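Thanks for making the time, everyone. I would like to walk through one structure slowly this morning, with the cut-offs stated as we go.

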Amino acid sequence: FSERQSGAYATARFKPLDVLSVIVGARVSDWDQNSRRTPITGAATVTSRTETGVLTPYAGLVVDVTDNWSVYGSYADIFKPQSNKDLQGDFLDPLKGKNYEVGAKGAFFRDRLNVSAAVFEVRQDNLAVALTGRTAPDGSQAYEAAQGTRTRGYEAELSGELTRGWQIGGGYTLAKARNSKGVRLNTQVPMETFKVFSTYKLSSVGRGLTVGGAVNYQSEIYALNAGPALVRFTQPAYAVVDLMARYPFSDQLSASVNLGNAFNKTYYTSTSSSYYGSPRNVNLTVKYQF
């Protein structure tokens, strides 16, 4: 198996108005792939595929609405070679499509706190969709290339410093991928995810004790026709909580302790295996800087 990809790109930035910024660009890609499959019996087969001069333009603009808020819109073409294989053992054709996004960004407290929100739509051809319980000839997961798919959703993020010593960050994403008939795709990927973390430095405790925690949530995932009985295998929605503490004993010596999965949540890591996620665990780290 061999694969080669080369390309050239150019970008240009303009500021026609004080409150308006524009970026445009494009990439030209060449790609070729050669694979050889030798069965136990019969002659070897060689598959060659080539894409030449693939143009993927992109463009975006940002408008400063106020000193704190700006809105933006962007468009980009998609071209991405894939390593997923189909039932015959052939690699899927490159992923192609278009991405549209509009959103808003805000900066507060002298840019110490940043927030953003966006809605997006991605239209794709040759999207790799796992075939539950099916494998390629080499034993790897088999996929099919879905055409005319659409992924729609929105996301929001928050990061920065709320007050002196109090850091926070997090984000929420909802994305629904459907085929040309409106059927949901890639159900082994959560439709919703939410992450938030926060740390606070207790300056009054010795040289400054930092404590914090994080919550990671994902919605239900499932696989149809799983196992010999071809049943629906479901991992319900769940959240995992992590905690931490860090203390500097001197300018050179510090120690931190991390408590992972603090409430010992039991969950499967995916719908394609029977492996559980990490149980409650403790990690102690001592750091000395010379």
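Predicted model: local features only at pLDDT ≥ 70, side-chain atom pairs only at ≥ 80, totals over all residues.

Let me begin with Q124, which, leaving aside its neighbours within four places in sequence, is in contact with I78, L95, K96, G97, A146, Q147, G148, T149 and T151, where contact means heavy atoms within 4.5 Å. Residues are numbered from 1 along each chain as its sequence is written, and side-chain values use heavy atoms, with hydrogens and water left out.

Q124 belongs to strand β6, residues 113-125; helices (H or I, at least four residues) and strands (E, at least two) are DSSP runs, numbered from the N terminus. With a relative accessibility of 12%, Q124 counts as buried, the scheme being that buried means under 20% relative accessible area, exposed over 50% and partly exposed in between, with a 1.4 Å probe and protein chains only.

One of the residues that Q124 touches is A146, and A146 for its part touches Q124, D125, N126, L127, V129 and L185, again not counting residues up to four places away in sequence. As background, nonpolar side chains in soluble globular proteins tend to be buried together.

Now to the charged pairs. How many salt bridges does the count come to? Taking a salt bridge as a side-chain nitrogen of Lys or Arg within 4 Å of a carboxyl oxygen of Asp or Glu, the count comes to 11 salt bridges. One of them joins the side chains of R4 and D32, at 3.3 Å from N to O. Because R4 lies in strand β1 (residues 2-17) and D32 in strand β2 (residues 20-37), this pair ties together parts that are 28 residues apart in sequence. R4 itself is exposed, at 58% relative accessibility.

A second salt bridge is formed by D138 with K85, and here the closest N and O atoms are 2.6 Å apart. This pair links distant parts of the chain, with D138 in the loop between β7 (127-135) and β8 (141-146) and K85 in the loop between β4 (69-80) and β5 (95-108), 53 residues apart. D138 counts as partly exposed, at 48% relative accessibility.

E121 and R123 also form a salt bridge, their closest N and O atoms being 2.5 Å apart. E121 is buried, with a relative accessible area of 13%, whereas R123 is partly exposed, at 35%. Salt bridges that share partners join E121, R123, R150 and R152 into one network.

Turning to the rings, Phe, Tyr and Trp (its six-membered ring) pair if their centres lie within 6.5 Å, and planes under 30 degrees apart count as stacked, over 60 as edge-to-face and the rest as tilted. The count by this rule is eight aromatic pairs. The rings of Y247 and F249 have centres 5.1 Å apart and planes at 75°, so this pair is edge-to-face. For Y268 and Y276 the centres are 4.8 Å apart and the planes at 20°, so that pair is stacked. Y268 is partly exposed, at 23% relative accessibility, while Y276 is exposed, at 53%. Ring pairs link F233, Y268 and Y276 into a cluster.

Two rings also have a charge over them, which requires NZ of Lys or CZ of Arg within 6 Å of the ring centre and within 35 degrees of the ring normal. K105 lies over the face of Y72, at 5.4 Å from the ring centre, and the charged end of R232 sits over the ring of Y222, 3.8 Å from its centre.

I will finish with the backbone. Strand β13 (residues 221-226) and strand β14 (residues 231-235) pair in the antiparallel sense over four bridges, pairing being assigned if DSSP finds at least two bridges between two strands. A226 has V231 in β14 as its bridge partner, and in this hairpin, with four residues between the strands, G227 takes a positive phi near 70°. R110, although not a glycine, has a positive phi of about 60°; R110 is found in the loop between β5 and β6 and is exposed, with a relative accessible area of 80%.
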